[in-house]
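Biologist: I am new to this structure. Please take a close look at the pocket and its surroundings, and go on to a few other local features.

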Amino acid sequence: MGFLSGLFGKKEAPKRQLDHPTKLLKGDMLTLDDSFALPAQLRGQQLKVEAIHTYEYQRSQQCEFMLRGHGANPIFMSFIVEDESYLSFSIKVNRAVVEQLFDLDAFAEIFEEPGQANLTPLTLSPELTEEFGQWLAQDYHQVEFAGFGYFHRQDYRNLTPPQDENGQRGEAFESYSLVNNDDSHAIDIEVYEGGDTEVMLTLYRPLTDIRDYWPAS
């Protein structure tokens, strides 16, 4: 048996097939389309999966991939399944940037009941237009007010996240969302205990924006 094994060699293990975002694992890479319909942070970029997170809601879970390319800031991507399947790409903006993109009094209405805010970006400088112009719509209307969920810094696909009420259940947050009339752009806001607030500019894009996949192993 040893002779035959040496003669014919060992069979190579089949390579992992990676052809869909739901199959992505930490360390995998993907290449995006080079279309000018995409902002510079995405256009033609090769991005690596640095982490996989989970958003837990009352009746659903959503997987989030934290991607990083040549830029300093990460890109957050999710695969959304509704009537149709599509991708969401998000970038986080800090308070200083929010102040340059929106009127703060209008922005504050997002957190006021009944949660029916409308928001229009300010006129941007050429520098801000270059960096954020394609991430922004002309106007937004609010579609979510104080939704509740937990954020987990782990991948819980096909698993139930921890249900321990003594600190192992993830980071609790309230979510606020606005979209434009074409459902192509969104503003997503998460407010955590203690008041920490994350503001994200989001694009909804077709699955075909991912041109190639590169498995880590």
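Modeller: Helices (H or I, at least four residues) and strands (E, at least two) are DSSP runs, numbered from the N terminus. This is a predicted model, in which local features need pLDDT of at least 70 and side-chain atom pairs count only at pLDDT 80 or more, while totals for chains, interfaces and linings use all residues. Residues are numbered from 1 along each chain as its sequence is written, and side-chain values use heavy atoms, with hydrogens and water left out.

The largest pocket has a volume of about 820 Å³. Among the 29 residues lining the largest pocket, Tyr57, Ile80, Ser177, Asp188 and Tyr204 are the closest to its centre. Two or more lining residues each come from strand S3 (61-68), strand S4 (75-81), strand S5 (85-93), strand S7 (140-152), S8, S9 and strand S10 (197-205). S8 gives the largest share, 5 residues. A pocket here is an open set of points on a 1 Å grid over the protein atoms alone, where a 1.4 Å probe fits, with protein on both sides within 12 Å along at least five of seven lines; lining residues have an atom within 4 Å of a point. The volume is the space filled by probe spheres set on the points, which are joined across faces, edges and corners.

Alanine 146 lies in strand S7, and its phi is near 55 degrees, a positive value in a residue other than glycine.

Elsewhere, glutamate 113 and proline 114 are joined by a cis peptide bond with omega of about 10 degrees. Proline 114 sits in the loop between helix H3 (104-108) and strand S6 (118-119).

Finally, there are 10 salt bridges, each a side-chain nitrogen of Lys or Arg within 4 Å of a carboxyl oxygen of Asp or Glu. One of them pairs aspartate 28 with arginine 16, with the closest N and O atoms 2.5 Å apart.
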